[in-house]
Amino acid sequence: MSSMTDIVFLLLIFFLVTSTLVNPNALKLLLPKSTNQLTNRKSVTVSIDQNRVYYFNAKVTPFTMLENKIVDALKNAEDPCITIQAEKSVPIEYVVRIMNIAKNHGYKSILATDPE
């Protein structure tokens, strides 16, 4: 019986250690599907969830502060780019708001998708 408890405790320690390797800042979004995928590039990420809450690099940010944060983050970037991660159910007008910020400042914008 004691050897069984040793195994259980070892498994418990193993799962505790491996669970800390999971990225806690990742957002679970259901993205649209696409056959065209780009490689990762240096950019900032703006996410919009199904409740229409904006996230700047995985941190909740009100839309009124979003433009200033984007400009601050990309002011010294060589090829500034905004990656937009929008949930499938988000109306397109919320995505267009971010695209307008990119256009006004001369940034490229990429719509993130899941592979088909």
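Student: Which residue in S6 does Ile 82 stand opposite?
Tutor: Ile 82 stands opposite Ser 109 in S6. Keep in mind that this is a predicted model, where local features need pLDDT of at least 70, side-chain atom pairs count only at pLDDT 80 or more, and totals for chains, interfaces and linings use all residues. Residues are numbered from 1 along each chain as its sequence is written, and side-chain values use heavy atoms, with hydrogens and water left out.

Student: What makes S5 and S6 a pair?
Tutor: Two strands pair if DSSP finds at least two bridges between them. Here 4 bridges join S5 (residues 81-86) to S6 (residues 108-111), and the two run parallel, so by that definition they pair. The names come from DSSP runs numbered from the N terminus: helices are H or I with at least four residues, strands are E with at least two.

Student: And how does the chain get from S5 to S6?
Tutor: Through helix H3 (residues 92-105), in a right-handed β-α-β crossover. Right-handed means that, with the strands pointing away from the viewer, the path from the first strand over the helix to the second runs clockwise.

Student: How do you know that the length of H3 agrees with what a helix should span?
Tutor: The expected span is 1.5 Å times one less than the number of residues. For the 14 residues of H3 that should be 20 Å, and the end C-alpha atoms are 20 Å apart, so the two agree.

Student: Which residues of H3 are buried?
Tutor: Tyr 94, Val 95, Ile 98, Ile 101 and Ala 102. Buried means under 20% relative accessible area, exposed over 50%, and partly exposed in between (1.4 Å probe, protein chains only).

Student: Why are they said to line one face of H3?
Tutor: Because, seen down the axis of H3, the buried residues fall within an arc of 115°. That arc is taken over the directions from the helix axis to the C-beta atoms. As background, an α-helix has 3.6 residues a turn, so residues three or four places apart point the same way. The face of H3 turned away from the buried side carries exposed Ile 92, Lys 103 and Asn 104.

Student: What do the buried residues of H3 pack against?
Tutor: Strand S2 (44-48), strand S3 (54-56), helix H2 (63-74), S5 and S6. Contact here means heavy atoms within 4.5 Å.

Student: Which residues of H2 are buried, and what covers them?
Tutor: Leu 66, Ile 70 and Leu 74 are the buried ones. They fall within an arc of 35° seen down the axis of H2, so they line one face too. Their cover includes S2, S3, S5 and H3, while exposed Thr 64 and Asn 68 sit on the face turned away. As for length, H2 has 12 residues and reaches 17 Å from its first C-alpha to its last, close to the 16 Å expected.

Student: Why do S4 and S6 count as edges of the sheet?
Tutor: The open sheet has 5 strands in the order S4-S3-S2-S5-S6, with mixed pairing. S4 and S6 each have a single partner strand, so one side of each is left without a neighbour in the sheet. Further in, 5 bridges join S2 to S5, which run parallel, and Val 46 stands opposite Ile 84 in S5.
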